[in-house]
Amino acid sequence: LHQTAPLKFSVDEAIQLLQARLQEDPGSVESMLLLGELYLTAQRPAEARKQFLAVLRDINPACLRAHLGLFEAGIALRDFVEAREQLNCVAQFNPLDPYLYYYLARLETARGDFYRAYQALDRLEAAGQRGAVAVLLYHALSRDPCTHSAVSVSRFDEHIQALRDAKIDIVTPARMADAFKSAGTAPPAARSPLSVMVTFDD
C-alpha cells in the first residue's frame, strides 16, 4: 500500500504498529522479520540489522529470511563483507538455487563491479533457460475465509485455478526431475516458462 499511496499509507505508521505488536508478543518471529523489512523500506538499515540479528541469535540461527535481510542491510550500509557473508549463508540452504546469481549481481552492482554483475546475470539467464520449478509453500489451510494464520481453502482453490489458467505445469516431487529434462529437450515454443510444485510444511 505504501508504494501505491505513500502519503496515505506511511511506513512509519506500520513500523509503530509492529513495535506495539512486539511489546505484546516479543517472541513473534513474523513480527520481528517484518519490522526488519520495514526498516529497510524506510531506509533505516542499522535498525533492520538489529532485528535480523535478534532473530538469528535468539530464535532461529538458520532463518533464511533473516539472512536475506542481513544481506540487504549489508548492501544498504555498504558493508560488502557482511553482505557477502550473508549471501554465503543463504547459499548453504540450496547451493543450486539460480537466484543466488541475482543476489550476487546486486552485490556486485552495489560494489561498482558491473562486469561481474553482468556475468552473474548471464548465469541467471542460462539457468532459467534450463528450466525452473517454483515451490509454493503453504503453512496451513483453513475453512474459515477470515483467518490470518492460514490460507483459506477457497483462496487456495483460486491459486490452483490461476496456475491452471496460466498453463503453468504443476509438478509433484516425483516429476520434478522430468520437468527439467523436458525443459532442456523441448523446442523453445513448446516449453512451459515455469513449473510449480505445491508443498505444505505443517
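This report describes the secondary structure, helix packing and sheet of a predicted model.

## Basis of the description

The model is predicted: local features need pLDDT of at least 70 and side-chain atom pairs count only at pLDDT 80 or more, while totals for chains, interfaces and linings use all residues. Residues are numbered from 1 along each chain as its sequence is written, and side-chain values use heavy atoms, with hydrogens and water left out.

## Overall architecture

The chain contains 9 helices and 5 strands. Helices (H or I, at least four residues) and strands (E, at least two) are DSSP runs numbered from the N terminus. Along the sequence the pattern is α-α-α-α-α-α-α-β-β-β-α-β-α-β.

Of the 202 residues in the chain, 30% are buried, that is, under 20% relative accessible area with a 1.4 Å probe, protein chains only. Among contacts (heavy atoms within 4.5 Å) with a separation of 6 or more, 50% join residues 24 or more positions apart.

## Helices 3 and 4

Helix 3 (residues 45–58) packs with helix 4 at an angle of about 155 degrees, and their axes are 9 Å apart. Axes are lines fitted to C-alpha atoms, for helices over the stretch in contact, and angles run from 0 to 180 degrees between N-to-C directions. Helix 3 is therefore roughly antiparallel to helix 4, a term for angles over 145 degrees.

Helix 3 contributes Pro-45, Arg-49, Phe-52, Leu-53, Val-55 and Leu-56 to the contact. From helix 4 come Arg-65, Ala-66, His-67, Gly-69, Leu-70, Ala-73 and Ala-76.

## Helix 6 and its surroundings

Helix 6 (residues 99–111) has 13 residues and reaches 19 Å from its first C-alpha to its last, close to the 18 Å expected at 1.5 Å a residue. The expected span is 1.5 Å times one less than the number of residues. Just after helix 6, Gly-112 takes a positive phi of about 90 degrees.

Leu-100, Tyr-103, Leu-104, Ala-105, Leu-107, Glu-108 and Ala-110 are the buried residues of helix 6. They pack against helix 4 (64–76), helix 5 (80–93) and helix 7 (114–129).

Three strands form an open sheet in the order 1-5-4, with parallel pairing; two strands pair if DSSP finds at least two bridges between them. Strand 1 (133–138) and strand 4 (169–170) are the edge strands, each pairing on one side only. Strand 4 pairs with strand 5 (residues 195–200) in the parallel sense over 2 bridges, and Val-196 in strand 5 is the bridge partner of Ile-170.

Helix 8 (residues 153–165) packs on this sheet and touches strand 1, strand 4 and strand 5. The direction of helix 8 makes about 165 degrees with that of strand 5.

Definitions and conventions: Buried < 20%, exposed > 50% of the residue type's maximum accessible area, 1.4 Å probe, protein only. Parallel < 35°, antiparallel > 145°, perpendicular 65-115°, else oblique.
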